[in-house]
Structures are given as C-alpha cells and as structure tokens.
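Here is a friendly briefing to read with the structure open beside you. It takes up the ligand site, then a helix pair, then some backbone details.

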Amino acid sequence: MDDAGIAEAAALIRAGELIAFATETVYGLGADATNPTAVARIFAAKGRPTFNPLISHVQNMAGVRAIAETDERAEMLAERFWPGPLTLVLPKRTDSGIAGLTTAGLSSIAVRIPARDATREFLRACGVPIAAPSANRSNSVSTTLAVHVQASLPSPSNGGPAMILDGGPCEVGLESTVLDLTGKRATLLRPGGIAKEDLEAILGRLTIAGSNDSAPRSPGMMSRHYAPAAPLRMNVLSPRPDEVFLGFGDVSLPGAPNLSPTGNLVEAAANLFEMLNTLDTPRTAGIAVAPIPKTGLGHAINDRLSRATHS
Ligand code: TXA
Ligand code: MG
C-alpha cells in the first residue's frame with residue numbers, strides 16, 4: 001500500500017471499479033458507496049444470494065457526519081474507539097448520497113473509521129465513502145492476507161477486484177464489532193474486534209441481538225429489512241389497472257420504469273431500491289414486477305422481492 005498504489009486504486013474506485021484493501025480487521029472488497037452499479041458489482045463478485053447492507057468506510061468524523069446522524073452515544077464511542085474495529089449503525093442522513101443498494105434500502109447506515117493510517121489514506125484519496133464487505137466469496141471465511149483474497153475472489157477479468165491493496169496480515173484478524181444505535185437501547189448485532197465489556201463501560205448494559213424477541217436475530221436477516229408499503233407481486237407479465245409496473249428487459253410498459261432495458265442484472269441490482277422507493281408512494285395501490293431470471297445477481301434480486309411480498 002504505497003502512495004502510487006493508493007493513487008491508482010483511488011482512481012479505479014472513482015471509475016466504478018472494485019478494490020480489495022487491507023484493514024486492521026480483515027480485507028475489504030470496496031466500491032464507491034455512492035455508485036449503485038459499482039456496489040452491485042460487489043455482490044456479483046462475492047456470489048452473494050442476498051443483498052446484505054454493507055459498511056460504509058470513511059476517513060474521519062466529518063465523513064461520518066456527512067452520511068449519518070450521530071447522537072451523544074455515537075460521539076462518545078467515536079472518541080474512544082475510532083479509528084478502530086467498531087461499526088456503528090446510525091440513522092442515515094437523507095442527503096447522504098449513499099446508494100440504496102449499499103444499505104439494502106434501509107433508513108439506517110453502518111459506518112466505520114478503520115485504524116490503519118494507510119487504509120485511511122486510501123479512503124482520503126478516494127474522496128467518497130467506500131462500501132466494503134469482507135473480501136471473500138459468499139459462505140467462505142473472511143480473509144486476512146492478500147493471497148487469500150486472490151484465491152477467494154474472481155480474477156479482474158471475471159468480475160473480481162481490479163487491484164488488491166496489500167497491507168500484509170490484518171492484526172485484529174476478526175471483523176469489527178457491529179453496534180446498532182438506531183433505537184433507544186444500544187444493540188450488539190455482531191461481536192468482533194472491540195469487546196462488549198469495553199462498550200458497556202461507556203454505554204451500560206447492551207441488548208444482544210437474538211437474545212429476545214424485540215431484537216433482530218441475525219444482522220443479515222433482520223426483520224426490519226426494507227419492504228415497500230404497497231403490496232408487491234412478482235413474475236408479472238402485465239399489471240392490473242390499479243398497479244404500477246416495474247419492468248425488466250423486454251417485459252416493459254411505455255412510461256414505466258425498467259430495472260434494465262437490456263436485461264443486465266448488474267444494472268437491475270443497481271436500480272432496484274431507488275426504483276422501488278420511487279414507485280412506493282402513499283397513492284400506490286400495488287407494485288407489479290416483471291420476471292427476473294434466476295441467474296447471477298438475479299438470485300439476490302428475487303430474494304429481496306420475495307421478502308417484500310411476504311412482509
Ligand atoms: O471488520 C469489518 O467489519 C469488515 C471490514 C472490511 O471493515 N467488514 C465486514 O463487512 O465484515 P460485512 O459486510 O462482512 O459485515 C457487515 C455487517 C453485517 O453483519 C451486516 O448485516 C451489518 O454489518 N450491517 C451493515 N449495515 C447494517 C445496517 N444498516 N443495519 C444493521 N446491520 C447492518
Ligand atoms: Mg463477511
């Protein structure tokens with residue numbers, strides 16, 4: 001991670017490419033968090049069958065405050081544990097500029113300031129928040145060495161990261177602790193690099209996710225996942241008169257939005273949350289969605305849509 005490598009990687013990020021980079025916890029697979037197409041490529045590269053919300057990595061507190069609403073608890077924890085292996089889930093600012101896909105359509109956002117100087121130098125050079133899950137294929141273990149990243153993810157020509165910023169072995173070797181501060185009670189969503197006891201020394205007793213019915217069971221499978229208020233139907237070829245239509249490929253209506261007129265699933269993933277949000281007004285009686293093929297990112301798109309029909 002020398003200056004030239006960082007400058008090259010940052011230019012690739014701004015061009016919408018993926019970059020794997022070392023942090024103190026594990027390697028991240030990063031993209032411009034404000035660019036939905038770039039973020040869609042993360043899910044394609046990982047082969048993830050679902051859209052989990054991603055952590056937005058920023059360089060400093062100004063970067064945090066530009067995308068999230070911080071309260072007194074967040075400011076206290078930031079003072080004590082950032083930069084470092086703590087991720088805070090906070091209300092997302094309405095003017096954050098963050099892509100809907102980065103937060104999987106949620107009104108909250110996970111943010112983290114990584115510990116290493118070189119990682120923050122990369123984030124500064126990018127000039128945008130970096131959405132990054134751990135740099136490994138879906139259902140594989142997180143990676144703590146550049147060679148493991150390379151072995152786990154596709155090559156650049158097959159949708160993998162354009163570059164790996166090799167920072168040697170990750171010293172924490174365990175993902176960040178994820179703490180949800182969107183509710184009155186702070187909730188531990190994922191144990192990690194910062195011990196629960198150290199957080200409790202500042203906040204008092206934490207709620208542990210999954211320990212009671214009011215807390216989300218598993219961060220990736222939260223019941224609070226985005227769902228439109230209007231009823232949604234999938235695999236529709238022609239909508240009922242009272243429904244609004246969301247097309248895909250050739251299954252389209254004049255004047256109605258189309259997830260991807262050319263049938264490109266990366267483009268469809270990039271458009272999914274923004275288009276659903278636009279269609280989901282209080283006047284909407286129902287949303288009908290064209291069939292989405294069950295290949296590549298189509299799995300994750302169908303997963304998200306089917307959860308929206310059942311909630
Ligand atoms: O150490 C780390 O956290 C690494 C490095 C690269 O920073 N990143 C990482 O990302 O482990 P990932 O995507 O593998 O895990 C992020 C976790 C997931 O459990 C996800 O569900 C949760 O954070 N998360 C993200 N946004 C959330 C949100 N808005 N609400 C609740 N949970 C969220
Ligand atoms: Mg992971």
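Strand β5 supplies the largest share of the shell around ligand 1, with 3 residues. This is a predicted model, so please read the values below as computed from that prediction.

**The shell around ligand 1**

- The shell holds 24 residues, and T25, H57, S108, S176 and R190 are the closest of them.
- Which elements give two or more residues to this shell? They are β3 (55-57), β5 (108-112) and β9 (187-190).
- Sorted by class, the residues around ligand 1 are 13 nonpolar, 7 polar and 4 charged.

- The side chain of T25 places an N or O atom 2.7 Å from an oxygen atom of ligand 1.
- For S108, a side-chain N or O atom lies 3.0 Å from a nitrogen atom of the ligand.
- R112 has a side-chain N or O atom 3.0 Å from an oxygen atom of ligand 1.
- How much of the ligand does the protein bury? Ligand 1 exposes 680 Å² when taken alone, and the protein buries 96% of that.

**Helices α2 and α8**

- A pair of packed helices is described by the angle between the axes and by the distance between them.
- Here the axes of α2 (residues 36-46) and α8 (residues 265-279) come within 8 Å, and they cross at roughly 115°.
- Is the crossing of α2 and α8 left-handed or right-handed? It is right-handed.
- On the α2 side the contact is made by P36, T37, A40 and R41, while α8 brings V266, A269 and A270.
- By class, this contact has 5 nonpolar, 1 polar and 1 charged residues.

**Backbone details to check**

- Most peptide bonds are trans, and most residues other than glycine have a negative phi.
- W82 and P83 are joined by a cis peptide bond, with omega at about -5°.
- You will find P83 in the loop between α4 (72-81) and β4 (86-91).
- N139 is not a glycine, yet its phi is positive, at about 70°.
- Where is N139 placed? Look in the loop between β6 (130-131) and α6 (146-152).

Technical notes: Residues numbered from 1 in each chain as written. Chains lettered and ligands numbered in written order. Predicted model: local features only at pLDDT ≥ 70, side-chain atom pairs only at ≥ 80, totals over all residues. Heavy atoms only, no water. Near = heavy atom within 4 Å. Polar contact = N/O pair within 3.5 Å; in protein donor to acceptor, adjacent residues only side chain to side chain. Areas by Shrake-Rupley, 256 points an atom, 1.4 Å probe, with all protein chains shown as cover. Helix = DSSP H or I, 4+ residues; strand = E, 2+ residues; numbered from the N terminus. Nonpolar A, V, L, I, M, F, W, Y, C, P; charged D, E, K, R; others polar. Axes fitted to C-alpha atoms, helices over the stretch in contact; angles between N-to-C directions. Left-handed = near helix turned anticlockwise from the far one by under 90°. Contact = heavy atoms within 4.5 Å.
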